[in-house]
Amino acid sequence: MKKLLGAYRQNGEEHLILQENGKVFVQEGNASEFENSVLLESRNEYVKDVLSKEEISGNDIFDFRYGPVTSGIGEAGIFHLYTYGERILSVKIDTSYKRRGLDERMINSDINDALKLSEEICGNFAISHSTAFSRAVENALKIKVTRDVELLRSIALELERIYNHLYVISRLAQAASQQVLASHLMGLFEDSLVTNKIFSDSRYLMNFNAIGDVLKIPSRKELKDVSDRVKKIENIFSKLYENSMSSGNYIDRLHLTATLDAKEAELIGLTGPSLRACGVKEDLRAYDEMYPEIEITSDEEGDSLSRMEVRAGEIFESLKFVRKTIDDLNLADETTSPNSIGSGEGIGWCESPSGTIVYHVEIENSKIKDVYVSTPSVFGMSAIAHSIVGNIFTDFPFVVESFGVNFSDAAR
Amino acid sequence: MIYIYFSFIFFALGVLTTFYRKVSYIMATIGSAFPFLAAVAGMHTSFTSNVFVLFNGFNLSVGVDHTSAIFLLIASISWFTISLYSIDYGMNYSKKMPVFFNAALFGMFLVLIARDALTFISGWEIATVFSYLLIMEHKHSFKEAFEFLAFGEISTVSLLVAFASLYLENHSLAIVGSHGNWIFLLMATIAFMAKMGIYPLHTWLIGAHSRAPSNVSAFLSAPLTLMGVYGLVRVLSIAGQPEWWGVLAMIFGGFSAFWGALQAAAAKGLKILPAYSTVENNGMILATLGLSVVAYSANLAVLSSFAMITTLILLFAHNTTKSLLFMAVGQAKEALGEDTIDNVRGVWTAVGKIPAISILISGLSFSAFPPLIGFLGEWMTLEALFQSYKFPSILDRLSAVFAGILIALAMGLAAFSMVKLTGYTALGYDHGKKARTIPSFTMRLSEIILSLIVVLTGFFSPYMLKYFGYGTFLSGLFGVPKPFLIVSSHPVFGVVSPTFLTIVIGTLFLFPLAFYLQKLRKVKRVSAWNGGIALKEKEYFTAPAYSFTLEYIMRKVYSMKEIKVGNKRYVSVKDVTTLFYSGLKRATEIVAKFLSLTLMNGHIYSYVLYTMIMFILLFFLIK
């Protein structure tokens with residue numbers, strides 16, 4: 001099923017960024033034919049449930065505003081929960097507080113400056129954004145990227161996936177008052193940030209990517225250190241995860257909370273682990289030659305528990321990938337010096353920890369003429385707004401955390 | 001007797017001056033002061049009027065003894081303050097209203113001073129009929145008024161049967177010094193329970209209290225239901241104090257308290273919540289009266305006596321506090337023109353500080369906040385129930401435990417509902433709605449008087465116990481001088497001193513108060529905010545949302561349904577007891593329709609047959 005991820009106008013024609021069967025492509029068309037097209041228009045201001053057309057009303061209904069500065073929400077943003085008390089009837093998510101206009105600021109800037117801006121869109125998806133942006137520019141300028149660079153980027157992407165998924169699972173454990181599990185997971189989260197630092201000189205993998213290249217080639221010793229640390233994380237996480245899955249208190253809070261079926265998820269435009277938790281085995285990495293042995297993790301129930309299980313499965317898969325890739329890595333002594341001068345148009349994407357990130361760029365004399373950024377959090381937030389309806393306030397953190405969305409990612 | 005006659009005169013003047021509403025209500029106020037004086041006079045020395053012999057065995061007289069003096073004293077406080085309140089409040093209603101008001105006061109007064117069943121039932125019926133007319137003063141309240149009348153007449157008919165039984169037993173209708181059998185006690189109990197609004201005879205009370213003008217709501221909720229308690233105390237003195245009655249009273253009382261509190265917690269209507277609170281309070285009153293009777297039948301004189309004074313303190317607390325609550329919310333309702341808790345937010349700023357403080361004081365009293373009188377009533381209730389282990393019978397003990405559990409739950413739920421009422425109305429954020437300017441001097445005056453009574457009678461409660469003739473429960477211990485310590489038994493079981501509790505807490509509170517006052521000038525006041533920005537009107541947590549969690553947890557009991565109609569969403573909560581009456585009404589309609597189509601279908605022979613059958617049935621029934 002085609003999913004609309006974005007739309008931009010070029011020469012008076014509407015171009016749609018679509019994803020189908022793990023492939024991202026652009027084609028001319030009419031965005032309004034897709035259920036989720038309204039999200040593309042409103043995403044700088046708010047995100048809502050695109051599958052529900054009716055405006056809920058009633059004398060006793062009020063707007064339980066959660067945010068913009070509230071404990072429990074890590075970023076500035078508002079969840080407008082419409083309720084008559086405890087039962088959530090409808091949700092509107094205000095993203096405007098986090099709207100910085102980074103994509104607009106990319107226009108007319110140098111591609112290297114724009115690369116830095118892409119990292120700033122969402123700090124914890126820094127490598128995903130910079131990789132997708134770099135790929136778009138590389139496609140536009142027809143820059144050939146070496147296999148070593150692609151492999152190093154893939155390791156960085158998987159390191160990012162590991163720490164993001166650890167964080168999400170830790171937040172879910174915290175919400176269920178599983179403090180011991182949460183603390184251990186936060187410990188692993190810290191370990192994974194330290195691993196990132198060794199690999200890239202940045203805890204959040206920033207300033208690692210360059211157009212057609214990477215800015216740091218880790219030494220053999222560093223790669224060995226990364227591999228050992230990843231092995232340690234794997235050992236600890238597998239025990240923690242096994243124990244957590246035997247805790248009825250924890251599982252009960254997640255099971256059947258905010259359930260989404262595959263059709264709804266695809267109509268919303270959901271990608272990433274949240275889509276795979278609905279039984280759709282779609283992952284952009286499966287079509288990436290850097291991932292020859294990737295096993296796509298998925299689940300059937302589409303609830304918060306499934307989303308957590310898919311993320312846990314992906315942690316194991318990413319840990320395995322990082323170790324194997326480092327073991328097999330045989331870096332060439334020479335690196336290419338890509339020519340990043342020129343003009344062109346290109347699209348680049350990558351599978352971020354929460355779904356597909358797509359950049360479409362138009363470059364003119366090494367400056368960005370136009371850019372369109374599609375982020376997974378927009379669709380993730382709409383999925384939250386849809387699946388949370390009928391749940392109660394106490395389910396709220398389980399729903400929100402399980403989708404792993406970010407206001408900064410949605411609002412840019 | 002002179003006070004009684006003066007009272008009659010002023011009530012009559014009140015009726016005659018009805019076209020001058022203020023004058024008429026002033027007459028009612030003065031007329032209500034004399035029963036108070038009569039009560040004070042009769043508290044220690046009984047007095048009666050001359051006997052008027054209607055015909056043999058039907059001797060009419062009025063008077064005041066110790067029992068009626070206590071009830072008269074309590075009722076007259078409400079009558080006086082409600083009448084005073086009505087001087088301004090009554091201007092919002094018709095010129096007929098003062099006639100009904102004075103007549104209803106007269107009827108209730110007659111009930112409390114009646115020495116015979118005929119006078120009693122006359123007063124009873126006068127109070128019922130004129131209360132019905134008072135409810136009708138509110139537009140579109142016919143259904144509720146009719147329901148009140150229907151239950152009122154059930155009460156009257158039950159009472160007639162009871163008194164007929166009394167006459168057959170004694171060949172006299174005297175209600176002092178007579179003897180009554182179990183039929184008398186049972187029928188009279190049904191009659192009085194209906195008037196008190198005890199479950200399942202409470203449904204009339206909710207509609208009537210919430211629809212009636214607020215002075216009438218106060219009138220119906222406090223003094224009129226007090227008549228029921230008085231009636232029970234009277235008939236128990238006539239029929240002895242059988243154990244079975246006590247057990248039933250504890251069970252019905254306990255359940256009624258729980259049910260009333262449960263429904264109050266879910267109430268959305270500004271006056272529905274206090275109405276259900278009346279069901280709860282009267283339930284507690286009935287339960288403690290039952291406990292007193294069981295203790296009496298088990299020869300536990302001290303416990304019986306303690307339970308009886310508990311009943312009286314609860315009655316006093318309910319009468320004064322509920323009058324205050326209805327008057328204060330009534331003023332807010334009238335000024336803002338709204339009748340839901342949610343829409344009467346911000347009484348403090350929108351309507352005035354006096355009604356807001358009055359709502360707060362009454363809410364705190366119903367939540368058993370020391371030293372208010374409601375605190376003492378609830379403490380005594382629990383103390384009395386805790387002593388039920390002394391009952392020799394296992395049935396009695398189990399009944400008391402059952403009642404105790406329900407009452408304890410009721411107390412918790414009452415605090416929950418009072419937080420809702422006071423939190424949203426008196427202390428809630430003003431939603432910016434302009435209050436209508438209405439003359440309110442006497443309204444505020446009566447609220448101040450009752451507020452002071454609620455506070456001061458709590459603080460000086462030992463003197464009240466002594467005045468009511470229960471000085472044996474006063475003592476001194478642990479540095480608390482006699483008579484400021486209230487004990488629940490001899491030998492001592494539990495003690496409390498509202499007076500010294502207040503002094504100690506008050507003294508401890510003085511330091512933070514002084515600190516607060518010192519810092520007051522430096523306090524910067526800003527708009528309430530949530531999440532970094534000011535709350536908008538549609539973002540305030542609503543009163544129904546406050547109780548939704550409870551409604552959801554107890555959804556089977558509440559018959560709670562979350563309704564979806566189009567894009568509308570709302571929560572429906574029902575008092576399931578009303579379903580029984582709805583079913584009864586429907587069944588009656590079906591039977592009536594069947595009879596009208598079959599027996600009364602225009603065929604003369606079948607109609608004559610129907611008439612004869614009914615005549616024969618009635619003949620045997622009356623015989």
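**A strand pair in chain A and its surroundings**

Mentor: Y66(A) stands opposite F79(A), a residue of β6(A). The model is a predicted one, so every value here is computed from predicted coordinates. The two strands concerned are β5(A) and β6(A), the latter covering residues 78–83, and they run antiparallel with five bridges between them.

The pair belongs to an open sheet of four strands in chain A, ordered β4-β7-β6-β5 with antiparallel pairing. At its edges are β4 (46–48) and β5 (62–66) of chain A, each of which pairs on one side only. From one strand to the next, the twist averages 25 degrees. In a regular strand, side chains alternate between the two faces of the sheet.

The connection from β5 to β6 of chain A deserves a look of its own. P68(A) lies in the loop between these two strands, and the peptide bond that joins G67(A) to P68(A) is cis, with omega near 5 degrees.

β2(A) and β3(A) form a hairpin with two residues between them, and N21(A) in the turn has a positive phi of about 50 degrees.

A positive phi also turns up at N365(A), where the value is about 50 degrees although the residue is not a glycine. N365(A) sits in the loop that runs between β11 (355–364) and β12 (367–374) of chain A.

R412(A) and D103(A) meet through their side chains in a salt bridge, at 2.7 Å from N to O. R412(A) is in the segment after α14 (407–411) of chain A and D103(A) is in helix α2 (residues 102–106) of chain A, so that the pair connects distant parts of the chain, 309 residues apart. Over all chains, the salt bridges number 37.

Between β5(B) and β6(B) the antiparallel pairing extends over three bridges, and L477(B) has V480(B) in β6(B) as its bridge partner.

Chain B likewise has a cis peptide bond, from H490(B) to P491(B), with omega near 0 degrees. P491(B) is placed in the loop between β6 (480–487) and β7 (495–496) of chain B.

That leaves the interface between the two chains. Here 24 residues of chain B are in contact with 24 residues of chain A. The size of an interface is often given as the accessible area lost when the parts come together. For chain B and chain A the buried area is about 2,000 Å², with 47% of it on carbon and sulfur atoms. On the chain B side, E539(B), N567(B) and R569(B) lose the most area to chain A, and together they account for 29% of what that side buries.

Four salt bridges join chain B and chain A. In one between these chains, E562(B) is paired with R87(A), and the closest N and O atoms are 2.6 Å apart. On the side of chain B that touches chain A, the elements giving two or more residues are β9 (533–534), α20 (543–553) and β11 (568–572) of chain B. The largest share of that side, five residues, comes from α20(B). By residue type, the side of chain B that touches chain A divides into 11 nonpolar, seven polar and six charged residues.

Definitions and conventions. Residues numbered from 1 in each chain as written. Chains lettered and ligands numbered in written order. Predicted model: local features only at pLDDT ≥ 70, side-chain atom pairs only at ≥ 80, totals over all residues. Heavy atoms only, no water. Contact = heavy atoms within 4.5 Å. Buried area = accessible area lost by both parts, 1.4 Å probe. Nonpolar A, V, L, I, M, F, W, Y, C, P; charged D, E, K, R; others polar. Pairing = 2+ DSSP bridges. Axes fitted to C-alpha atoms, helices over the stretch in contact; angles between N-to-C directions.
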